[in-house]
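Trainee: Please take a close look with me at the ligand site. I would like one connected account that also places this site within the whole protein.

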Amino acid sequence: MEKPDLKNYTLAQLTETLATMGLPAYRAKQVFAWIYRPGMPNFARMTDLSLPIRGELEERYQISWLAPVRRELSEDGTCKYAFRLADGNVIESVLIPEEDRNTLCLSSQVGCAMGCRFCLTATMGFVRNLTPAEMVNQVCTVAEELHAKGQAVNNLVFMGMGEPLANFDQLATAIAILTNNYGLAFSSRRITVSTCGLIPRIIELGEKTRVNLAVSLHAADDDKRNQLMPVNRTYPIADLLNALREFPLPPRRRIMIEYIMINGLNDADTDAELLARKLHGISCKINLLPCNETSAMGYGPSPMARIERFQQILRNHGYTALLRTSRGADISAACGQLAAQTPSGCPSE
Ligand code: SAH
């Protein structure tokens, strides 16, 4: 049988599991800190633990690591990583360097079950949920590469493959690991979870974590949203927006509303007016983003003049509306373009 992977445990869970070996809580803290320190984690380097303890840990547990099978660098500096998981599945993460920070876009599932019409990941269908370790390891690997260059990962966004809130428990565990001060010590403010709108899990996220929430809205009326996002038939716009009104936001924070601009579909002045009306009372900022072409699906980006006009209407209503530039399109690393090739099509290093 596979040895349990210590990277699946929060500090509290690690403390519990090591207690079965008779180790006190402070030992668990030491082990946890070693796992997430820069460099390849292994039991041998845990030099503040005695040799017999290290030996016993090694016998019972493993500490996983994800090596990239491929890296692709965009002209704009965006880097797409492909990782092959232990079962052969491949996931992707995208590192987006900005002037003052590095953002890493993480996957939460292999494939996705949500079936959004404009998204390439959806065409893979749902394969499986990622474990906490598989989510955390995307960060560990990229952080290690940046560390070697004197840099760090500053921001995490769960906007890669999958619907993070459809994998809630494992996501919550991963967030607990990522934010623990003895480990990677990310502030919750630097983590954003994006969802297509699973209302019960949005409420749960607000109750259990303090991370930022992003919602892929993409349309202001149910007819259009039903057409674009099947999830809207279960969780229609009015219910979704009510949940956002009640979302427990920490002070000075806002919900990010994502809205992709699809030529001729959701980009008219009337769409902007309706959006402005419906978002009333929600503390939010709106990110407009030209739809990336995803081959056969027939949706294209709105012309820039249209996007700017749409943005202006939202601003006239007092909203913060930002135009997000698409990054990494030349390496299929842009939003909605992540769809890993089958493992056999994925060259090894
Ligand atoms: N499932 C979550 C997390 C994925 S985030 C969610 O839906 O929010 C990926 C973001 O890229 C989402 O906002 C998604 O709607 C958007 N996206 C998908 N296809 C796209 C495309 N063709 N062009 C631009 N954005 C797209």
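**The ligand site and its setting**

Mentor: Strand S8 (191–195) and strand S10 (255–261) each contribute at least two residues to the shell around the ligand; helices (H or I, at least four residues) and strands (E, at least two) are DSSP runs, numbered from the N terminus. This is a predicted model, in which local features need pLDDT of at least 70 and side-chain atom pairs count only at pLDDT 80 or more, while totals for chains, interfaces and linings use all residues. Residues are numbered from 1 along each chain as its sequence is written, and side-chain values use heavy atoms, with hydrogens and water left out.

The ligand is surrounded by 21 residues, of which the closest are Phe118, Ser194, Ser216, His218 and Asn292; a residue is near the ligand if one of its heavy atoms lies within 4 Å of it. Ten residues of this shell are nonpolar, nine are polar and two are charged. In this classification Ala, Val, Leu, Ile, Met, Phe, Trp, Tyr, Cys and Pro are nonpolar, Asp, Glu, Lys and Arg are charged, and the others, Gly among them, are polar.

A polar backbone atom of Phe118 is 2.9 Å from a nitrogen atom of the ligand. At Thr195, a backbone N or O atom lies 3.4 Å from a ligand oxygen atom. The side chain of His218 places a polar atom 2.6 Å from an oxygen atom of the ligand. Of the 540 Å² of accessible area that the ligand has on its own, the protein covers 95%; such areas come from the Shrake-Rupley method with a 1.4 Å probe, and for residues only the protein chains shown count as cover.

His218 counts as buried because its relative accessible area is 5%, where buried means under 20%, exposed over 50%, and partly exposed in between. Its phi is positive, near 70°, although His218 is not a glycine. Most residues other than glycine have a negative phi.

Arg252 sits in the loop between helix H9 (237–246) and S10. Its relative accessible area is 82%, and therefore Arg252 is exposed.

A further residue, Gln109, belongs to strand S5 (residues 109–111). Gln109 has 3% relative accessibility and so counts as buried. Its side chain joins that of Asn129 in a polar contact of 2.9 Å; the term denotes a pair of N or O atoms within 3.5 Å, and within protein one must be able to donate a hydrogen and the other to accept it, residues adjacent in sequence counting only if both atoms are side-chain atoms. The Gln109 side chain also reaches the backbone nitrogen of Glu163 at 2.9 Å.

As for the whole, the protein contains eleven helices and twelve strands, and 54% of its 349 residues count as buried. Among contacts (heavy atoms within 4.5 Å) between residues at least 6 apart in sequence, 66% join residues at least 24 apart. The C-alpha trace spans about 70 × 45 × 35 Å along its principal axes.

Conventions: Buried < 20%, exposed > 50% of the residue type's maximum accessible area, 1.4 Å probe, protein only.
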